Amino acid sequence: MTIGWHFDNSYSKLSKTFKEDIKPTPVHDPELIILNQELAKNLNLNFSGIDKKKLAEIFSGNSLPDGTNSIAQAYAGHQFGHFTMLGDGRAVLLGEHLVNKNQRFDIQFKGSGRTSFSRGGDGRAALGPMLREYIISEAINALKIPTTRSLAVVKTGEKVVRENLLNGAILTRVASSHIRVGTFQYIAATQNTEDLNTLVDYTIDRHYPEIKSSKNKALDLLSLVMEKQCQLVINWMRVGFIHGVMNTDNMAISGETIDYGPCAFMDQYDPKTVFSSIDKFGRYAFSNQPPITKWNLARFAECLIPLIDKDEGTAIKIATGLIDNFQNIYEEKWLNMMRDKLGLFGEDKNDQTLINKLLEWMKNNSADYTNTFCHLMDGEIDDEIYKNDDFKGWTNEWQKRIKLNNSSDKHLELMKKTNPLVIPRNQKVEEALADADKGNLETMNKLLKVLSNPYSDQENIIEFQKPAPISNEKYQTFCGT
């Protein structure tokens, strides 16, 4: 039986500066927990003739597919603002799988053992965080937001030591690449302009071939990455997603969401919402995601200065002008996104005020972010809060604005494309992870099924729409490293 792997490994052909040649560390007793059949099909892979034992061997790294050339990638990163030389400390890139001869996807193991970048870490991962990445990345994909995806999770049959002894696991992650802002920071820190040029050319070949013949490739690359990252964070803000750890090593040059550590979705609307246990000062809070995106892009721009112009002062001036425009691009995109969420066609000078009034009401009344828009789409959201006089007053203003469009019910069509009916509710994710850790996958599979159609009316989904009960105990998420 042929699975259909077709590896063509271009990144591993770069110089030693960019990576370390290394194989995954074999594990004791691998067991397949979940395999993403839909993603496998998209990748032209067929695992139907392979038994679970053999699949566990493949996705644990005990038996590598032909054609792989496994490496750990070098990169750096500003972690909570502090610069560190990093690299894949618990991940191994098997290679690049080609689909239909032209689509290239990284196939990476996460939790596959120590590398020279491990910095004292064990190189392993626990089952809970790997299944969290599987659930949330697949949910983000279904929400039509660019993301890395999850192909499989295996238990290793070994324990990992964190606060407690936990079940070890390996995630197979699929990405259009794992090139990050941190990759450029690593190469820039070596002060080797030839390697920097190599990385720019490689990135353009792989992701932005339309600027291959540009007169200033570095500047155009910066501009395109800024556009992609701006659109990405707009999408996060649209659905209430909080990444939780927006370090520069977690910003992919492709514009995909990457690295689902302490990520979560907001229930009650509060711009200062933070879930990450390690984000003590709210650096990566919900409302800080746009300015942090700009900050990360400024670090990317710094790496490219030697290639933007021979005169450093001129290069800095050009790059600064570009990055300073981020705010204008973001604000325009955000306003249009919020108009879509409210079914508003065209523009009206009072739109910003109308939107801000709603957000202020939501914050003051601890209204659920997702469900408020569901209610406005005539969803069956049973909550006394929407009988509030202030909300009724706002709704009257909104309905008058809708009528300016003369669009009959077209506003509902627009809203239904923009506002999910279900998101990965934090308590539902925790339930699924707790049951999976005990060997019961039914809860997780049910959750994944509901999350695969977030914009569609589905039967019996009310339990997946309810926010967690308000509690004095703050919900926290963890990195798992």
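Is Glu-431 buried, exposed or partly exposed? Glu-431 counts as partly exposed, at 37% relative accessibility. The classes are set by relative accessible area: buried means under 20%, exposed over 50%, and partly exposed in between, using a 1.4 Å probe and protein chains only.

This is a predicted model, in which local features need pLDDT of at least 70, side-chain atom pairs count only at pLDDT 80 or more, and totals for chains, interfaces and linings use all residues. Residues are numbered from 1 along each chain as its sequence is written, and side-chain values use heavy atoms, with hydrogens and water left out.

**Salt bridges**

The structure holds 27 salt bridges. The criterion is a side-chain nitrogen of Lys or Arg within 4 Å of a carboxyl oxygen of Asp or Glu.

| Pair | N to O distance |
|---|---|
| Arg-206 and Asp-106 | 2.6 Å |
| Lys-428 and Glu-431 | 3.5 Å |
| Lys-428 and Glu-463 | 2.6 Å |

Glu-463 sits in helix 16 (residues 462-465) and Lys-428 in helix 14, so named by position; the pair links distant parts of the chain, 35 residues apart. Helices here are DSSP runs of H or I with at least four residues, strands are runs of E with at least two, and both are numbered from the N terminus. Glu-463 is partly exposed, with a relative accessible area of 36%. Lys-428 is buried, at 10%.

The pairing of Lys-428 with Glu-431 is local. Both residues lie in helix 14 (residues 426-437), three residues apart, about one turn of the helix.

Arg-206 and Asp-106 meet through their side chains in a salt bridge. This pair also links distant parts of the chain: Arg-206 belongs to helix 5 (residues 193-207) and Asp-106 to strand 7 (residues 103-110), 100 residues apart. Both residues are buried. They also belong to a network of salt bridges that links Asp-8, Glu-96, Arg-104, Asp-106 and Arg-206.

**Around Lys-341 and Thr-418**

Lys-341 lies in helix 9 (residues 326-341). Lys-341 is buried, with a relative accessible area of 2%. Which residues does Lys-341 touch, not counting those up to four places away in sequence? They are Arg-238, Tyr-369, Phe-373, Met-415, Thr-418 and Asn-419. Contact means heavy atoms within 4.5 Å. The C-alpha atoms of Lys-341 and Val-200 are separated by 37 Å, and the two residues are 141 apart along the chain.

Thr-418 lies in helix 13 (residues 410-418). Thr-418 counts as buried, at 8% relative accessibility. Its side chain reaches the backbone oxygen of Leu-414 at 2.7 Å. Leaving aside neighbours within four places in sequence, Thr-418 is in contact with Arg-238, Met-337, Asp-340, Lys-341 and Tyr-455.

**Helix 6**

Helix 6 (residues 217-239) has 23 residues, so at 1.5 Å a residue it should span 33 Å. The expected span is 1.5 Å times one less than the number of residues. The end C-alpha atoms are 34 Å apart, which agrees. Gly-240 follows helix 6 and has a positive phi, near 80 degrees.

**Strands**

Strand 4 (residues 76-79) and strand 5 (residues 82-85) pair in the antiparallel sense over four bridges. Two strands pair if DSSP finds at least two bridges between them. His-78 stands opposite Phe-83 in strand 5. The two strands form a hairpin with two residues between them. Phe-80, in the turn, has a positive phi of about 50 degrees.

Strand 2 (residues 31-35) pairs with strand 9 (residues 149-161), again in the antiparallel sense over four bridges. Ile-34 has Val-153 in strand 9 as its bridge partner. Strand 2 is mostly covered, with four of its five residues buried. In a regular strand the side chains alternate between the two faces of the sheet.

**Cysteines**

How many disulfides does a search of the whole structure find? The search finds zero. A disulfide is a pair of cysteine sulfur atoms within 2.5 Å. Cys-263 is buried, with a relative accessible area of 0%. Cys-374 is buried too, at 1%.

Note on methods:
A polar contact is a pair of N or O atoms within 3.5 Å; within protein, one must be able to donate a hydrogen and the other to accept it, and residues adjacent in sequence count only if both atoms are side-chain atoms.
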